[in-house]
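Have the viewer open as you read.

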Amino acid sequence: MIDAPGSADPVLTPNKTEVAFKAWLRRLVTGAAELEAFDAGEIDAVMDRDSGCAHMLPEAQSALHASSRVPLSMFDALPGEVCLLDASGLVLMVNKAWRASGTRHGRAGLDVRAGENFFAACGDAPESERTNADAVAAGLRSVLGGLRQSLRVRYVCSSQRARSTFALTMTATSAQVPVNALLTREWESDPGLKRYRITPAAPAGVENRLLAALPAKDYARLEGDLEPVKVTYGEILYEPGDRMRHVYFPDNCLVSLLTLVEGHRALEVGLVGREGMIGVRLALGGSESPVRALVQGTGTALRMNAERFVREFHRSQTLQRVLLQFADRLMGQVSQTAACNRFHVVDARLARWLLLTADRMRSATFHLTHGFIADMLGVRREGVTVAAVALQRRGIIRYRRGNITVLDRKGLEAASCSCYRNLKLMDTEIP
Amino acid sequence: MARSERAVASKRMKKGVAAESGTTVVVMRLYIAGRAPNSVKAIANLDAICRQHFKAGYKLEIVDVCEYPRRALDDGILVTPSLAKTSPSPGANVIGNLSDTSSVLAALGVRSASAT
């Protein structure tokens, strides 16, 4: 009979992230027998119901991967910073460039080392970097879970005396088990990597994320032409075929893009808030609106004359990059919405739509009638009523005289289809 | 790796009753995590127990949760290694690397007198 492992010498000495990761795994375990075996060191892996995957304990990971470290050391020859992970987020290796830059940056910015767990490192990130670290962890989960092939996230190390920023690209690897993901880190301050650089000017008071992503001098050139306007619920900015005289950069308003098909109700294909703009088609060479742009949430926007906008677009490379990235994300959103409208049931779509609206409005309460929502989802009003009543009965939302309040966000996320997660991930990409 | 293990470990038995002894065949499922140390031990320990105590026959399926996490979750598995006896009823579970032979045998319904 083979003995219990007892104090078999571990390949790695436990460190802070490892201990935290193990403590987190222990919290997933319920049941006396399971906990007893866990504490006796007889457990290799713990199932995570939320993500649907198995997480290996640090001891099991190190035993498994001890033999695979040698050949991976060839990555040391690469000039770029590389980090390899297995399916549970265990760092199999980081190359020489990663280690060197990590030391240079005072080990800030998720600077993991082989044997640590990347998710645990995200959990250990300083409070000031919490949003960034959560976005990275969520992104990595989607890459490891096969939802996305690759994802790029911008991370600001605000805990350092001198703020530094890097872009982290996470890519799924298909073959070569046990390597499941490859991360590359590009610091914006490093020489030779300037081409990735987006200088965050973010002048105080600029709510719109596209404008905030522009360098100070580019923004200054636009500033004189940006006119603050108030737009109200139900207002139509363009009808399909209208010549677009202005573009709008929403501050805190929300605009739905609707497609009209003869003989049917309008159907929402996109939703734009402070992360985007209305009229991006002008940048792509069109002059007429392909959709109806309908204000869904009252608020303010910065408006700019279309001709001035096109001129500035051709002049500024940064503006081009920022807007083309937005156009790409909008296209992603439109295609995801199209598929969602075709395949998912009204209840899940309503939940998805309420979540997106709440995110963009940055508020848990908003005013919307059933008829309006029916237009957005392309269903009959009765369908919306049934779905809304169902959500209300479960205590997830409260609906009173057109005012919707999200009471249980987690419950709403659970009720929503996977499209919400995908759409949210698009929003977390840079800028 | 895990696939070949499963093939080796799955003893093909006649369903239901073992021919010569007339006793009911024990059907078990062992959930493991790849080649992790406790999982390897659990397979070896269970193999030794089966050779000694289930000469009449047994049926064992090995599920690697790294490959089939969804299946483990659906079966209510929380940690691995984890052994589930599915037949004959009542079902039973043993958690850990199965080094405590007597508790494994008790869970599998083998009288303690026959345990060595």
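Which residue of β3(B) is the bridge partner of A:Ala45? That would be B:Thr80. Keep in mind that this is a predicted model, where local features need pLDDT of at least 70, side-chain atom pairs count only at pLDDT 80 or more, and totals for chains, interfaces and linings use all residues. Residues are numbered from 1 along each chain as its sequence is written, chains are lettered from A and ligands numbered from 1 in the order in which they are written, and side-chain values use heavy atoms, with hydrogens and water left out.

- Strand β1 of chain A (residues 45-48) and β3(B) run antiparallel and are joined by 2 bridges; strands here are DSSP E runs of at least two residues, helices are H or I runs of at least four, and both are numbered from the N terminus.
- Put together, you get an open sheet of 3 strands in the order β2(A)-β1(A)-β3(B), with antiparallel pairing (two strands pair if DSSP finds at least two bridges between them).
- β2 (53-56) of chain A and β3 of chain B are the edge strands, each with a single partner, so one side of each has no neighbour in the sheet.

**The A/B interface**

- On the contact count (heavy atoms within 4.5 Å), 27 residues of chain B touch 27 residues of chain A.
- About 2,100 Å² is buried between the two chains, with carbon and sulfur atoms giving 66% of that; buried area is the accessible area (1.4 Å probe) that two parts lose on being put together, summed over both.
- On chain B's side, α2 (37-53), α3 (69-74) and β3 (79-80) each supply at least two residues, and α2(B) gives the most, with 7 residues.
- That side of chain B has 16 nonpolar, 8 polar and 3 charged residues; Ala, Val, Leu, Ile, Met, Phe, Trp, Tyr, Cys and Pro count as nonpolar, Asp, Glu, Lys and Arg as charged, and the others, Gly among them, as polar.
- What's the salt-bridge count between chain B and chain A? It's 0, where a salt bridge means a side-chain nitrogen of Lys or Arg within 4 Å of a carboxyl oxygen of Asp or Glu.

**Chain B on its own**

- Chain B has 4 helices and 5 strands, running α-β-α-β-α-β-β-β-α from the N terminus on.
- Of its 116 residues, 47% are buried (under 20% relative accessible area, with exposed over 50% and partly exposed in between; 1.4 Å probe, protein chains only).
- Among chain B contacts between residues at least 6 apart in sequence, 73% join residues at least 24 apart.

**Salt bridges within the chains**

- The count over all chains is 24 salt bridges.
- B:Asp75 pairs with B:Arg29, with the closest N and O atoms 3.3 Å apart.
- B:Asp75 sits in the loop between α3 and β3 of chain B and B:Arg29 in strand β1 (residues 26-32) of chain B, so the pair ties together parts 46 residues apart in sequence.
- Both ends are partly exposed: B:Asp75 at 34% relative accessible area and B:Arg29 at 22%.
- Over in chain A, A:Glu81, A:Arg107, A:Asp111, A:Arg113 and A:Arg185 are joined into one network by salt bridges that share partners.
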